[in-house]
Each structure stands twice: as C-alpha cells, then as structure tokens.
Amino acid sequence: VEPPVITLLTDYGLADEYVGVCHGVILRICPAARLIDISHAVPHHDVQRGAVLLMRSLLFMPVGVHLAVVDPGVGSERRAVALQTADGRILVGPDNGLLWPVARLCGGIELAYDVSESPARLEHVSMTFHGRDIFAPVAAQIACGEPLDSLGVGIDPAQLTTLDMPEPRLEDGELVVRVVGVDEFGNIEAAADARELIRIGAAVGDSVAIECNGGPSTRVRVARTFADVRAGEALLHEDSAGWIALAVNRGSAARRFGIELGDILRIKPVVSE
Amino acid sequence: VEPPVITLLTDYGLADEYVGVCHGVILRICPAARLIDISHAVPHHDVQRGAVLLMRSLLFMPVGVHLAVVDPGVGSERRAVALQTADGRILVGPDNGLLWPVARLCGGIELAYDVSESPARLEHVSMTFHGRDIFAPVAAQIACGEPLDSLGVGIDPAQLTTLDMPEPRLEDGELVVRVVGVDEFGNIEAAADARELIRIGAAVGDSVAIECNGGPSTRVRVARTFADVRAGEALLHEDSAGWIALAVNRGSAARRFGIELGDILRIKPVVSE
Amino acid sequence: VEPPVITLLTDYGLADEYVGVCHGVILRICPAARLIDISHAVPHHDVQRGAVLLMRSLLFMPVGVHLAVVDPGVGSERRAVALQTADGRILVGPDNGLLWPVARLCGGIELAYDVSESPARLEHVSMTFHGRDIFAPVAAQIACGEPLDSLGVGIDPAQLTTLDMPEPRLEDGELVVRVVGVDEFGNIEAAADARELIRIGAAVGDSVAIECNGGPSTRVRVARTFADVRAGEALLHEDSAGWIALAVNRGSAARRFGIELGDILRIKPVVSE
C-alpha cells in the first residue's frame with residue numbers, strides 16, 4: 001500500500017522555522033506521510049500567485065492532500081476549509097479564493113467542510129500561525145484516514161470565496177493579457193492559454209508586437225522553444241503549462257523588458273512587408 | 001513501527017551542496033530515517049539566532065534526533081556533542097551554546113557525550129565540514145539505534161558551554177527587550193514572553209510607545225492578530241511562539257521601523273488623555 | 001529492503017513550481033523513492049557549476065539514480081541520456097557535459113542510453129520543461145526497477161558530450177587556478193587539488209601571495225582551518241572536497257577580494273626575509 005501524500009504551498013519562505021514546523025506537526029500525527037513542497041516562495045500575501053502556482057503544478061502531483069496557505073486574513077473571521085474535488089483530491093487552506101481556481105481544474109468541488117473549529121487543531125491555537133495550528137494537523141489527519149465529516153462542518157460549496165483569474169481579451173485586434181508569473185529565470189507567464197494566439201492569427205514562425213503597460217512596442221518572434229532563437233533574443237511561446245509566455249533565450253525577459261507581476265501585455269500581429 | 005526522525009538546522013544555506021550532502025550521508029547510514037529541515041538560513045555563524053529557531057520549533061517536532069550546526073569554531077578545540085534531554089530527544093551539534101537554550105525547554109540535559117572522536121565519523125574527517133564528517137553520521141547512527149555510549153565519551157553536562165538568552169528587564173517603567181528575530185515577513189521577534197507586558201500594565205486594546213536604539217518613539221496598538229488593525233498599521237502582539245512581536249498588517253515592521261537583529265526595544269504604556 | 005534513492009540537482013531555483021513538480025512526477029511513478037535535493041540553485045544555464053556541485057557531492061550520496069538538469073539547450077537537438085557508471089550509479093540528464101566530470105569520479109561510464117524518445121516520457125512532452133516530462137519520469141522508472149535498455153536506445157559512451165574542468169597550471173613559478181565556486185559563506189573554490197600547492201613549495205604555516213585577474217597581490221596564510229587565523233583574517237586551505245580554497249575566518253573572501261565565479265587566481269610563494 002502506498003504512503004499518503006501531502007503537498008505544501010505557502011508564502012512562508014524557507015528562512016524561518018515555519019515550514020519545518022508544519023512538516024514536524026504533520027509527521028507527529030501521520031508519520032507515514034510523504035511530503036512534497038511545491039513552493040514556499042509565493043510573494044507574501046499574494047493569493048493570486050499562490051493560486052497560479054497550484055494551477056501549474058497540482059495535476060502533476062499524486063492524488064492526496066494538498067495544503068496551501070497564503071493567508072493575509074489569518075486570525076480574522078475567514079474560514080479554514082477542506083475541499084474534496086471530483087478527481088479525489090483534498091484541498092486544505094484558508095477560504096480566501098486560493099484553492100478556487102485549481103479546484104475547478106480538478107473537476108470541481110464535491111464536498112466542502114469548515115475546519116476552523118476542527119477537533120484536529122492543536123491544543124493551543126495561536127492567532128497568527130494557523131498553518132501550524134489548524135491546516136497542518138487537519139491535513140495530517142485526513143492523510144492518515146480520518147473522515148472529513150469528523151474533522152469539520154459540511155458547508156455548501158456555493159458559499160466559498162471565489163477567485164477569478166484574469167481573462168485574456170481581444171481589443172482593437174490586440175490580445176490583451178495579464179502577467180501572473182515571473183519565474184526565477186525571468187520568464188513572463190501570461191494568464192492565457194497559448195491557443196488564444198490563434199485569435200490574432202499568430203502562429204509559430206510569425207512575429208508579433210508586444211506592448212507593456214503602454215510603453216514602447218517590441219517585435220518578438222513566436223517560437224516553439226528557447227533554442228529556436230539566438231542567445232539573447234526574445235521569443236513568445238507556449239510554456240510548459242500551455243500558457244502564453246515571453247522569454248529571452250539564455251536571458252531574462254523580466255529584466256530585458258522591465259515587466260513585473262500584474263503588468264498588462266498587448267500582443268498584436270506584425271504584417272510582413 | 002514508526003521511522004526514526006532526524007531534524008536539521010544549519011547556517012549552510014541551500015545554494016551549495018552542503019545540506020544535500022548531509023542528507024546523503026545520513027541516508028547511507030540510516031536509510032529509513034525521515035528528515036525534517038527546520039531551517040538552513042540561520043545567518044552565518046549566528047549561534048544565538050540558531051538557538052532561537054530551535055526554541056521556536058523543536059517542541060513541535062516528533063521526538064527524535066535533532067541535528068544543529070552553526071559552527072564558527074569548526075576545526076578548533078570546541079567539542080562535538082550529543083545530548084539526551086529529559087523528554088527523550090537527542091540533540092547533536094557543536095558545544096558552543098547552540099543547543100543549550102532548547103535543551104532547557106526539553107526538560108534539561110540528562111546525559112551528555114563528547115562525540116568529537118566518535119567511531120561513527122566518516123573515514124576522512126575534513127577540517128571545515130564537520131556537519132558532513134561528524135554530526136550527520138553520529139545523528140544517523142543514533143537514529144538507527146546505536147547506543148550513545150558507544151558513539152562518544154560521557155561528560156558532565158555541567159561542563160557544557162552555556163548560552164544565555166537576553167532577558168527582558170524593567171527600567172524606569174519601560175520594558176526593555178532585545179530583538180532576536182526578524183522573519184521573512186519583516187515581523188520583529190523580541191526575547192520576551194508576551195506575559196511580560198503585564199509588568200507595564202499593557203493589555204490587548206491598549207497603546208504603547210516603542211523606542212528603538214534611542215530613536216524616535218512610535219505609538220503602536222497592542223492587538224491579538226494582524227487583522228485587528230488596518231492594512232499598513234503596526235501592532236504589538238503575542239506571536240505564535242508566545243513571544244512579544246512587533247508587526248505591520250500586510251507589511252514589514254522591519255522595513256517600516258528600520259529594526260535589525262540585535263536591536264533594543266523600549267516599550268512603555270501610553271496614558272490615555 | 002532499502003527504498004530506492006533519487007538525488008536531484010537543477011538550476012530551477014525553489015521559488016517556482018518546477019522542483020516540486022519533478023518531485024510529484026517521480027512519486028506518482030515510484031512512490032517508494034527517497035528524494036535528496038543536492039541543490040537547485042545552480043546559476044541559470046551554468047553547466048560547469050552544476051558539474052562542480054555534482055563532483056563535490058555525489059560520492060557522499062547513497063548509490064542510486066542521480067538526476068541533474070542544467071539545460072540551456074532544452075527543446076533543441078541535444079540528447080537526453082541515462083548513464084550507468086562503474087560504481088553502479090545511474091546518472092540522468094541532458095547530454096551537454098553536465099554529467100561528464102562526475103561520471104569519471106564514479107569510475108567511468110559503462111553503459112549509455114539515449115532516452116530522448118523514452119517510452120517513460122509523460123504523454124505530453126513540452127518544449128521547455130524536460131525535467132518534468134522526460135528526466136523525472138525516466139529517473140523514476142529506473143529507480144523502480146525498469147531496466148535501462150527498455151527505457152532508451154544504447155549509444156557509444158565515446159559519443160557523449162564531454163566537459164573538461166579547468167586544469168591548474170604552473171606559470172613562472174606561480175600556480176594558476178580558476179575559480180569554479182563561490183559558496184554562500186563567500187568561500188572561493190578553485191579547480192585544483194590542494195596537493196597542487198606542493199608544486200610551488202607552499203605548506204601549512206607558509207604564506208603565499210595571491211593575485212586575482214591581474215589586480216594587486218594579497219598576502220595570505222596557508223592554514224588548516226578557519227580557526228587557525230584571527231577573525232577577519234584570510235587563509236588559503238584545503239577545503240572539504242580536497243580542493244584549494246580561499247576564505248576569511250568569520251567573513252567572506254568573495255566580498256573582501258571581489259572575486260567571482262570564473263576568475264583566475266595566481267598563487268606564488270612568499271620568501272621569508
């Protein structure tokens with residue numbers, strides 16, 4: 001029989017004791033659990049970026065318990081929840097939208113529980129570290145087989161806080177997309193399926209003009225991969241999540257173009273002369 | 001039967017091979033061990049900060065072997081030790097005070113061994129990487145059941161190097177505390193139990209004036225949690241370790257007030273007019 | 001029976017989802033695998049630094065599958081390979097020289113397979129994330145017992161891309177070495193066995209003069225360990241890998257001397273007066 005899996009995503013960073021303490025709390029309750037750290041470097045309090053990282057990773061994870069904590073409202077009235085998705089995963093975290101987009105990718109939410117007052121909580125619940133005191137012990141109990149309805153109070157999934165991802169839109173013949181990720185390489189991730197490029201007639205081999213936040217327009221090649229352009233040259237491509245991405249071969253698109261999380265890109269076709 | 005647990009805390013950082021090598025050395029000796037990384041981002045050579053992180057985390061860990069290496073004296077005459085605490089944990093690390101404060105939290109030291117010349121050491125012991133060559137193999141042997149007295153030479157716990165944490169003190173009606181932590185969110189951790197605030201008559205809902213390193217005084221609310229104040233507003237609160245902490249809701253107190261590790265805070269009550 | 005071990009080294013960093021996704025892909029295929037992260041902070045696209053970290057770490061790892069991805073040519077014609085070494089390890093990664101130097105330390109390559117089109121690949125192979133789509137699933141299948149010849153096509157090891165480490169050389173009575181590592185402490189790692197110092201007659205206790213990139217010469221003591229010199233003083237020593245290293249006791253040699261990865265150091269003996 002395979003060991004239960006718990007994945008973790010937080011904005012705690014790795015410098016302090018927070019992530020290690022969550023691991024410790026989990027392994028005290030469920031010593032057999034296998035832990036996978038997705039990322040702990042979500043920008044502090046950035047619920048949308050946390051949601052994006054879950055969307056880009058969760059379907060590659062073993063089916064298990066998926067703990068996510070980006071929780072600017074810790075200690076307030078926001079609920080702690082455990083959600084069962086159609087594909088059999090359990091998502092555990094704050095009810096602030098963080099879990100919402102990935103739950104849809106998992107086929108939607110079948111059952112939802114408010115675990116704010118769960119009997120699984122640690123004896124002393126602090127006002128500021130619910131990852132340790134609520135989320136980790138609830139996740140560990142689920143991983144070790146405790147039924148959800150003994151860990152929380154059933155609630156209507158329709159009552160959960162939602163989070164809408166920015167949608168790409170067509171405007172004056174331009175595809176307008178929002179930057180929802182800048183990775184460590186400086187690659188720019190836009191919230192748009194790469195197939196959206198068809199709407200402006202752009203295919204691999206074409207060039208497009210990209211304008212960021214109303215700045216000057218840059219001409220960029222649509223390519224399949226980094227190595228399709230020269231070192232130092234920019235490219236627009238379908239990234240590993242199937243999204244539209246702007247990159248520089250062996251360089252940083254973020255630095256080259258001064259693009260940051262949340263920026264707006266306008267992409268339009270370049271007519272060959 | 002549950003797998004043995006080894007926790008690790010070092011100042012090695014995660015960029016180089018050092019932490020991975022310690023994991024490798026441990027798993028070669030004790031393949032069943034479960035490893036929990038508490039933190040590897042202790043500021044280089046900062047024994048006190050390492051001790052603080054152990055104090056804030058260890059009681060949440062499964063009882064096991066607890067390896068800690070912040071070791072500016074590596075290669076010198078300082079001893080390598082393994083300590084058995086009253087609550088059944090084994091602490092392994094350099095005898096430079098790093099393990100001292102947390103050992104007291106664990107009920108005190110019952111047995112102490114000098115493992116500097118342990119038969120568990122790797123065949124070649126380098127002059128600069130005792131984490132790999134002494135501490136990791138000793139911890140792994142203990143985790144796999146080797147008795148302590150076969151791994152080192154018994155010593156009197158009274159001979160160990162001690163480390164006193166800075167104590168809060170009352171001075172001219174002010175509570176004077178030292179900053180022993182600045183976490184990644186910019187929260188300021190003071191070396192003082194939150195109950196010390198009673199000594200200056202400050203309770204949740206009150207305001208206090210805080211002065212840092214003789215700079216100007218700032219008025220701050222005593223609150224239960226971040227969400228009790230507006231975004232961007234400062235608060236003094238009991239943090240998740242039960243200590244006095246200074247924070248800014250959805251912001252960084254370190255940046256706001258220019259506070260660094262080692263600074264002195266003077267806290268006094270504000271008389272309402 | 002011991003669980004199979006997979007070690008990982010990449011230039012992905014820990015901020016994004018990439019490393020976690022590789023862990024997830026591996027554990028879906030081989031749930032029993034033990035994962036050891038050597039480092040994920042190789043400077044982006046720096047194949048030589050990746051090779052150096054493998055050389056400094058791999059022999060301390062349990063014998064297993066060793067995944068390494070520093071892959072500026074991802075999506076191009078470069079091959080994906082799995083290599084069996086004389087000491088029974090399997091190295092998996094791109095055929096760009098990354099695995100070459102460590103394979104020699106492991107006794108040389110006995111069998112080599114091109115796994116670019118491996119049946120182990122994920123169903124959809126992206127153009128930019130072969131760590132997830134090719135290398136991780138191939139490594140996981142090997143770890144779980146799948147024979148190499150069912151996972152790829154045998155190739156002649158002599159066809160593999162090689163990578164030569166910079167060799168120390170003697171020039172005008174000076175030992176000339178290249179900096180191949182600057183660790184988080186600011187210690188400078190030179191690509192030279194510490195025994196090379198004999199060639200210029202320098203032994204522990206002597207002083208040497210070091211010149212970096214044609215800058216001014218600095219006099220430094222040859223010592224056994226940091227604690228042999230005063231705090232803040234520089235030393236040249238044999239580091240934990242047996243290499244020549246330049247360090248500052250409780251300080252950073254990189255900052256003190258302004259030395260960076262790739263710099264050239266010229267070391268010459270200082271004649272006592």
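Buried area is the accessible area (1.4 Å probe) that two parts lose on being put together, summed over both. Select chain C and chain A: between them about 2700 Å² is buried, with carbon and sulfur atoms giving 58% of that.

Before you click on, some ground rules: this is a predicted model, where local features need pLDDT of at least 70, side-chain atom pairs count only at pLDDT 80 or more, and totals for chains, interfaces and linings use all residues. Residues are numbered from 1 along each chain as its sequence is written, chains are lettered from A and ligands numbered from 1 in the order in which they are written, and side-chain values use heavy atoms, with hydrogens and water left out.

Next, show the residues in contact (heavy atoms within 4.5 Å). Chain C brings 33 residues and chain A brings 31 residues.

Now zoom in on C:Asp16 and A:Arg49, whose side chains form a salt bridge at 3.5 Å, N to O. The term means a side-chain nitrogen of Lys or Arg within 4 Å of a carboxyl oxygen of Asp or Glu. Between chain C and chain A the count is two salt bridges.

Stay on the chain C side and colour by type: 16 of the residues touching chain A are nonpolar (Ala, Val, Leu, Ile, Met, Phe, Trp, Tyr, Cys and Pro), eleven are polar (the others, Gly among them) and six are charged (Asp, Glu, Lys and Arg).

Last stop: which surfaces do the copies use to meet? They meet through different ones, because only 6% of the interface residues of chain A are also interface residues in chain B.
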